[in-house]
Amino acid sequence: MLAPHLPHACNSVTKSYAGTLAAALVCEGVLDDTKAIPHYLPELRGTAWGDATLRQVMDMQTGLAYTELYAELTSSVWDYARAAGWRPRSADDSGAQTCADYLRSIKKAGMHGEAFAYKSVNTEVMAWVMTRVTGRSFAQLLNERLWAPLGCEEDGYIIVDSAGMPMAGAGLSATLRDMARFGELMRREGEWNGKQLIPASVVHDLRKGDYSLRFPLMGLNYSYRSQWWMTHNALDAIEARGIHGQRLYIAPKAEMVIARFASHPIASAALSDPITMPQMFAVGQMLRR
């Protein structure tokens, strides 16, 4: 049974932590999001990311020969999960042994920058770029720039592969209160106890979203920026979303943050979103009055 001091899998809410760190490094001039991925990772020349920019990776606008269908046992996501240490491998598994090895195997399919295509391997490439430039792993950056400064009450845990690479796409486990702290930081535009942990311009950029590549979700025209989901609703809410029901819902116009853990039996939000997302919006509307 879950308790306040026990960690829970955040799943793809992890992406929003990673995307915020990457966006901060771009804002600070440490990273250039117009550069192609091989500028930072020569190992990925000749792969799907050979001509993809860092910004296209951050915004999930890449064309990859990769599928992320959790209901299909043959989907690429399970090869990625085993390589990243997220799922066990069988004794006779001859697939990629590490996440980096798996990323090097993915080929291009389609054009980059033409459509939103949610594929978790992009997050791993983004995190690899951060590590290459800073010399710090995703776990170290997360601890140094967010976890410790936020005064998180409990340890966070992150999945690592057999080479020690942290899984930025889904690997974090945390307590609900500590995840809510991150949401409150974003609501406060990166300020915490008088210190600017994340540049305010990072949050401003998220709220603008990418109007050229909006897509329908829950009756709204969402957009995706730096590993966050933008609702463009009346609350200006942004979301971090994870499979099986994990949510971090930040509504600045309502001065509201909702952190939610769940263990829905299926990965897809198709059944739960029609119930939970209108509830969150309704609470925000009540707080505005």
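This is a predicted model: local features need pLDDT of at least 70, side-chain atom pairs count only at pLDDT 80 or more; totals for chains, interfaces and linings use all residues.
In what order do the strands of the open six-stranded sheet run?

1. The order is β6-β7-β8-β9-β10-β11, and the pairing is antiparallel. The sheet is open. Its edge strands are β6 (215–217) and β11, each of which pairs on one side only.

2. Take β7 and β8 next. Strand β7 covers residues 220–225 and strand β8 covers residues 228–230. Three bridges pair them in the antiparallel sense. Within this pair, Ser-223 has Met-230 of β8 opposite.

3. Two helices pack on this sheet. Helix α9 (residues 200–208) touches β7, β8 and β9 (238–242). The direction of α9 makes about 50° with that of β8. Helix α10 (residues 273–288) touches β9, β10 and β11. Here the direction of α10 makes about 155° with that of β11.

4. Strand β10 spans residues 246–251, and strand β11 spans residues 256–260. They run antiparallel and are joined by five bridges. Arg-247 faces another arginine, standing opposite Arg-260 in β11. Four residues lie between the strands. In this hairpin Glu-255 takes a positive phi, near 50°.

5. There is also an open sheet of three strands. Its order is β1-β3-β2, again with antiparallel pairing. β1 (8–9) and β2 (157–158) are at the edges. Each has a single partner strand, so one side of each lacks a neighbour in the sheet. β2 and β3 (residues 172–174) run antiparallel and share two bridges. Tyr-157 has Ser-173 in β3 as its bridge partner.

6. Now the α1–α6 packing. Helix α1 takes in residues 13–27 and helix α6 residues 121–134. Their axes come within 10 Å and cross at roughly 45°. The two helices are therefore oblique to each other. The crossing of α1 past α6 is left-handed.

7. Which residues of α1 and α6 meet? From α1 come Lys-15, Ala-18, Gly-19, Leu-21, Ala-22 and Leu-25. From α6 come Thr-123, Met-126, Met-130 and Thr-134. By class, the contact holds six nonpolar, three polar and one charged residues.

8. Salt bridges number 22 in the structure. One of them joins the side chains of Arg-55 and Asp-33, at 3.1 Å from N to O. Arg-55 sits in helix α3 (residues 54–58), while Asp-33 is in the loop between α1 and α2 (37–40). The pair therefore ties together parts that are 22 residues apart in sequence.

Key: Residues are numbered from 1 along each chain as its sequence is written. Side-chain values use heavy atoms; hydrogens and water are left out. Two strands pair if DSSP finds at least two bridges between them. Axes are lines fitted to C-alpha atoms, for helices over the stretch in contact, and angles run from 0 to 180 degrees between N-to-C directions. Angles under 35 degrees count as roughly parallel, over 145 as roughly antiparallel, 65 to 115 as roughly perpendicular and the rest as oblique. A crossing is left-handed if the near helix is turned anticlockwise from the far one by less than a right angle, and right-handed if clockwise. Contact means heavy atoms within 4.5 Å. Ala, Val, Leu, Ile, Met, Phe, Trp, Tyr, Cys and Pro count as nonpolar, Asp, Glu, Lys and Arg as charged, and the others, Gly among them, as polar. A salt bridge is a side-chain nitrogen of Lys or Arg within 4 Å of a carboxyl oxygen of Asp or Glu.
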